[in-house]
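Trainee: Could we go through this structure together, one question at a time?
Mentor: Gladly, let's have a look.

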Amino acid sequence: MTVTLGKDLVGLEFLSADQLRLILDTAEPFKEVSERPIKKVPALRGKTIVNLFFEPSTRTRISFEFAEKRLSADTVNVAVSGSSVSKGETLVDTAKNLEAMRIDMVVIRHGASGAAQFLGNRIRSNVINAGDGKHEHPTQGLLDMLTIRDKLGKIEGVNVCLVGDILHSRVARSNLWGLTKLGARVAVCGPRSLLPRGIEQLGVRVFGRIEEAIEWADVLNVLRLQLERMEKGFIPSLREYYRVFGVTMERLERAPRALTIMHPGPMNRGVEIDSRVADGPHSVILDQVTNGVAVRMAVLYLLAGGRPELADAAKGGVE
Amino acid sequence: MTRPLLLRGGRVIDPGRHLDRVADVLVTDGKIAGVEPGLTAPEGAEVRDVRGLVVAPGLVDVHVHLREPGNEDEETVATGARAAAAGGFTAVCAMPNTDPVTDNQAAVGFIVRQSVRAGLSRVYPIGAVSVGQKGEQLAEFGEMVGAGAVAVSDDGRPVVSGHLMRTALEYARTFDIPVADHCEEPTLAAGGAMHEGLVSTRLGLKGIPAAAEEIMVARDLLLAELTGGHVHLCHMSTRGSVELIRHAKARGVRVSAEVTPHHLCLTDAACEGYDTHAKMNPPLREAEDVAALRRGLKDGTIDCIASDHAPHAYDEKEAAFDDAPFGIVGLETAFGVAHTELVVGGVLTLPELLARMSAIPAGLFHLPGGSLGPGTVADLCVLDLNAPWVVRSTAFHSKSRNTPFVNRELVGRAVLTIVAGRVVHEHENVTAR
């Protein structure tokens, strides 16, 4: 039986293990494209893709744009800085307008959870979620998984701990779904005020202390802590956060084994992560960025109807 | 002068008088003239055969939003009264969160006039607790009651200030009206879009914890105890609230409480897929809450059912979940949902349900109706409990269509609604036998 992805990629929660493996495996041949002197293959020639960003984003947007361009798609970037009141109207009208322009794919980033699904349910074009509110960021989850697989040779049986603000993190949710489906053991660690209700029931362990998490984990995925969390009263101060939950060299040195260190970026050095850790030998933070382009190429290719067994041939240039 | 009306051969249920028998009901001069088998039709009377149907006091809903003045594109007093009639309601109480707020005698009088002009189901205004519903200065309860208000409420938002709530409960005693409170601790509920639980965690939506309601329920109960005032707690949604009210009633606190049909049968799982028709405030909770609300309604801890009919324009709900407004329409599905879930579902007997949708709410808000006693106003409904029907929002008389019950098959609907002896709604395809 052939595994396909369906029309949209809105999250990893409802993908099967086979679908996740399909994306990761399809990303492998695309990695090499970015290493060539001429970084372009014709797989999506003639396809039009809109990158629709309702929230500011630098690296995700650039990563998608590189992925699209390296597949030879025609791309348009739309940055909408809608006020929160008009967001809903803008979204539905934007969807209809895009549909009217007969585009093939939309990559959407939006501040409201469910926005990607909302769009996907209303237009015929493929929709890829580039982060919706506090819900999911599926391509980030996928690139994290690819990076773990590269580094440790497997995902099954690996202990991965997500550290920090789980409550507001779409990256955490996508990691959680994707990793558990492929057999990793997932834990979260952070102040209780930044952990969502019922998180244990989703099959994850909860560590209240970073020392315990470090002792247990093979991989730490350190999430960005936003300054706003302090202003909204979730934590007393960034200084105290670093002292209690910061991933520091001293703490890692006490671990029974070397940990792989990940971060979805952008980093707050000295808040959630020690610079020496981020720049250290076990950090794969820049590998994540590199893999991001390959994973996004794979997702775009598969949603556009590309056949996984031809991914290798497609990159070869079948003009 | 309306013609006398004889409803012949229905199952007559008058819950206030524990009456449940096959009988004729005679209405003359807008009043109930008699309930007995084998009544003779007076000269010129209209006779209707209602065999196989149920004749009951007209349903009473103490919590609706009719959006007039201010949002007449969503609902008006007239279209709301029409929807009420279609749902078997002969009286509804309109919340004051209009634009401008119904917080003075002129505004209250406007609602009364619009209701009289519509000439359908009765619409009773509820006045605001505070001027502009700002939670600062008491509105003029006395003048509003003089103009026709039957209760006060800042519904749509809670009365945040404990002092204001205390004063409102004390001051309302003079006029013997309930203070209806929307229980929500605002700092806990801020920014929330649904119940805080496993589903909100998965969907990445900010939750409203059960404690946000229960803290205010507890406060209101203590203030009602302190003041001796009558507090009416709107749309209860959590098992903790039911428990708090049960204890307060045991202590003799003057409290009454309502629950909506949707909180009696839906859970937060309805929000899956970001369905904005499942977005309401208070939010849909968990199965344990639904079970506790049903038990509370059965044992009298929760006094009555109210729809919290909240019309919204279709394009407002056509939005991301966070951006959509709270609330659903309910007048035209309330009886069908409640009957299907509670009576067919084996929670309440039919007379128990009818009491909680007519006699009891009428009594709490001191409204005429809710009874078929001789000499009382002839507000009644005839219900068909035989034929299942499917909810089609396009068939609603309300101006709005925002309901999660579309395509649901229900058993039980009003086929005839009579206000002061006059037919205000009649449904075709009556399955009388």
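**Where the chains meet**

Trainee: What area is buried between chain B and chain A?
Mentor: Buried area is the accessible area (1.4 Å probe) that two parts lose on being put together, summed over both. Carbon and sulfur atoms give 52% of it here. For chain B and chain A the value is about 1700 Å².

Mentor: A word on the source: this is a predicted model, where local features need pLDDT of at least 70, side-chain atom pairs count only at pLDDT 80 or more, and totals for chains, interfaces and linings use all residues. Residues are numbered from 1 along each chain as written, chains are lettered from A and ligands numbered from 1 in written order, and side-chain values use heavy atoms, without hydrogens and water.

Trainee: Which residue of chain A forms a salt bridge with B:Glu196?
Mentor: A salt bridge needs a side-chain nitrogen of Lys or Arg within 4 Å of a carboxyl oxygen of Asp or Glu. The rule finds 3 across this interface. For B:Glu196, the closest N and O atoms are 2.8 Å apart, and the partner is A:Arg197.

Trainee: What is the bridge partner of B:Ser153 in strand 10 of chain B?
Mentor: Strands are DSSP runs of E, at least two residues long, numbered from the N terminus, and two strands pair if DSSP finds at least two bridges between them. Strand 9 and strand 10 of chain B pair in the parallel sense over 2 bridges. The partner of B:Ser153 is B:Ala180.

Methods. Helices (H or I, at least four residues) and strands (E, at least two) are DSSP runs, numbered from the N terminus.
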